[in-house]
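Please read it beside the sequence and the model.

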Amino acid sequence: MTDEPVIEVEDLWLSRKGEVILEGINLRVLQGDFFAIIGPNGGGKTTLLKVILGLIPPDRGTIRILGGLPGDKRHLLGYVPQLRTFDFNYPLSVREMVLSGLLGRKTGIFKTFNDADYRLADKALSTMGVAHLADRTIRNLSGGEQQRVVIARALVGDPKVLLLDEPTVFVDTPTETQFYDILGNLARSMTIVLVTHDIGVIISHVTKVACLNHRLYTHDSKELTEDMIQGAYKCPVDIIAHGHPHRVLRQHPPEE
Ligand SMILES: Nc1ncnc2c1ncn2[C@@H]1O[C@H](COP(=O)(O)OP(=O)(O)O)[C@@H](O)[C@H]1O
Ligand SMILES: [Mg+2]
C-alpha cells in the first residue's frame, strides 16, 4: 500500500433550496484507508458520497478520484447505497442481483452475461460469505443477508474503492461483528469509505474517522475526539445515549 490519495476533495460546497448541505469540505482518503465518516441524520453523508461518485455536481470545489475526474473513474468506485433504495420485492435471484452490478460496463442493446461474469458474481458472493445463497430469491433473505448481497454487487466489477452508505442498519447485533470482520478483510486489499449515523460502527478495523454535519471534522487519524463529536453533533449527549460512548473517545466527556 502506498500513500497515494484515492479520493481528494478540496473546498467542496453544495447548497439545495437555499440551504448549505456541504460546507467547505476537505477530505483526503489514501490507498488502503478504512475511513469511517459519522454524523447525524441530515448531516450530508449520502450527499457527500453522491458528489464523490460524480452523481451530483458540487457548486464549488474539486474532487479527484485516483488523480482523475469522478465521471471518468466511476468504474473504480464500488457504491453500496442505503438498503432502502433497493426494491427487494423484484423477482430476482441473488446471483442476478450481483450480476446487475456489471450492467454499467455492458455496451449495446442486448446486455447479456457470459461465463466470466458468472464467475465474478460467484467470487463476489464468496467474498461476502453468502455463496450458498446464490440461487435464492432476494425477497426471501434476511436484512443482514440482503446487505451482504448488495455489497457483493458493488464488488463484482473489482473496484479499487468501496463506498458504503449506512451498512449496518439492517444487520442484527450477533452478526455485526462477523460483518465487520468481512469488511476488515476486504480492507486489506482495497480502500473503504463508510458513512453512518451510528457511532457504534467505529470498530477496530477502521483506520481513520471523521465527523460530518455539513462541515467535516477530521484530524487524519483513528481517534474520535470530543471536539469532532461536539462539532458534528453539537451535543455529546446524543452519542452517550447511543450506548457506545467509550470506544474511541480519547477523553471521557465530563458527564461520565
Ligand atoms: N435532492 C435534494 N433536494 C433538496 N434537499 C436535499 C436533497 N438531497 C438531500 N437534501 C437535504 O440535504 C441534507 C443532507 O441530506 P443527506 O445527505 O441525505 O444526509 P445524511 O445522509 O447525512 O442523512 C438534508 O437536509 C436533506 O433534506
Ligand atoms: Mg444518508
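## Nonpolar core

The largest nonpolar core comprises 61 residues, and those with the most contacts inside it are Val98, Ala124, Ala152, Leu163 and Ile192. Such a core is a set of buried Ala, Val, Leu, Ile, Met, Phe, Trp, Tyr and Cys residues joined through C-beta atoms within 7 Å; a residue is buried if 20 or more other C-beta atoms, placed from the backbone, lie within 10 Å of its own, exposed if 12 or fewer, and partly exposed in between. Helix H4 (residues 143-155) supplies the largest share of this core, 6 residues. In soluble globular proteins, nonpolar side chains tend to be buried together.

Once neighbours within four places in sequence are set aside, Leu163 is in contact (C-beta atoms, placed from the backbone, within 7 Å) with Leu49, Ile52, Leu53, Leu77, Gly78, Tyr79, Val80 and Val193.

## Model and overall fold

This is a predicted model, in which local features need pLDDT of at least 70 and side-chain atom pairs count only at pLDDT 80 or more, while totals for chains, interfaces and linings use all residues. Residues are numbered from 1 along each chain as its sequence is written, and chains are lettered from A and ligands numbered from 1 in the order in which they are written.

The protein has 7 helices and 9 strands, taken as DSSP runs (H or I, at least four residues, for helices; E, at least two, for strands) numbered from the N terminus. Of its 256 residues, 37% count as buried.

## Ligand 1 and helix H1

Around ligand 1 lie Arg16, Lys17, Ile21, Gly39, Asn41, Gly42, Gly43, Gly44, Lys45, Thr46 and Thr47, each with its C-beta atom, placed from the backbone, within 6 Å of the ligand. Helix H1 (residues 45-52) gives the most to this shell, with 3 residues.

The buried residues of H1 are Lys45, Leu48, Leu49, Val51 and Ile52. Because they cover an arc of only 160 degrees around the axis, they are on the same side of H1, the arc being that of the directions from the helix axis to the C-beta atoms. H1 is followed by Gly54, whose phi is positive, near 80 degrees.

## Glu145 in helix H4

Glu145 has its place in helix H4 and is buried, because 20 other C-beta atoms lie within 10 Å. Not counting residues up to four places away in sequence, Glu145 touches Val130 and Leu133. Val130 and Glu145 are 15 residues apart in sequence, and their C-alpha atoms are 7.5 Å apart in space.

Note on methods: Contact = placed C-beta atoms within 7 Å.
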